[in-house]
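Q: Could you show me how to read the features of a protein model, one after another, with the general idea before the particular case?

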Amino acid sequence: MKISTKGRYGLTIMIALGKQYGAGPVPLRKIAADNELSEAYLEQLVAPLRNSGLVKSVRGAYGGYMLTRHPKEISAGDVIRVLEGPIQPVEGIEDEKQPQRELWGRIRDAVKNVLDTTTIEDLATTEEGDTEHYMFYI
């Protein structure tokens, strides 16, 4: 399974909003500048996040985007599913023979488990270079 830039940058938006949770709206231009990303591309990504109810927009001079729930209540899996679709390592798993179907199912379940048990709060509070915070077994 390969996560595209949609999923990666979508998580970047959500982490930035998670870091600022409770401090008011964050303009996309700030997130884009802080992460050296295209503001226009982030605008495309924030629309499905808003439509799914993960973020809300605030208009005006001090407007921007905010999480709709506490960062500990939003998982990385929630974001990836909105931007990338269902989590599955292989298309047409039901057409595979039993040994392969079982393997692909185990891989899918392991990836889902990691994404669903990792919250935006976890990602927002992990410092750059802090690799000891997570240990994933797939």
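**Reading the fold, helix by helix**

A: Read along the sequence, the chain follows the pattern α-α-α-β-β-α-α-α, where helices (H or I, at least four residues) and strands (E, at least two) are DSSP runs numbered from the N terminus. This is a predicted model, in which local features need pLDDT of at least 70, side-chain atom pairs count only at pLDDT 80 or more, and totals for chains, interfaces and linings use all residues. Residues are numbered from 1 along each chain as its sequence is written, and side-chain values use heavy atoms, with hydrogens and water left out.

Q: How many helices and strands does the chain have?

A: The chain has 6 helices and 2 strands.

Q: At what angle do the axes of helix α1 and helix α3 cross?

A: Two packed helices are described by the angle between their axes and the distance between the axes. Here the axes of α1 (residues 5-19) and α3 (residues 39-51) come within 10 Å and cross at roughly 80°. That makes α1 roughly perpendicular to α3, a label that covers angles of 65 to 115 degrees. By class, the contact of α1 with α3 has 8 nonpolar, 2 polar and 1 charged residues, where contact means heavy atoms within 4.5 Å. On the α1 side the residues include Tyr9 and Ile13, and on the α3 side they include Leu42 and Leu45.

Q: Which residues of α2 are buried, and which exposed residues does the face turned away from them carry?

A: An α-helix has 3.6 residues a turn, so residues three or four places apart point the same way. In α2 the buried residues (under 20% relative accessible area, with a 1.4 Å probe and protein chains only) are Leu28, Ile31 and Ala32. Seen down the axis of α2, these fall within an arc of 100°, so they line one face of the helix. The face turned away from that buried side carries Arg29, Ala33 and Asp34, which are exposed, meaning over 50%. What covers the buried residues of α2 includes α1, α3 and β2.

Q: Which residues touch the most other members of the largest nonpolar core?

A: A nonpolar core is a set of buried Ala, Val, Leu, Ile, Met, Phe, Trp, Tyr and Cys residues joined through side-chain atoms within 4.5 Å. The largest one has 27 residues, and those touching the most other members include Met14, Leu17 and Ile31. The largest share of this core, 5 residues, comes from α1. Leaving aside its neighbours within four places in sequence, Met14 is in contact with residues including Leu49, Val55 and Val79.

Key. Axes fitted to C-alpha atoms, helices over the stretch in contact; angles between N-to-C directions. Parallel < 35°, antiparallel > 145°, perpendicular 65-115°, else oblique. Nonpolar A, V, L, I, M, F, W, Y, C, P; charged D, E, K, R; others polar. Arc of directions from axis to C-beta.
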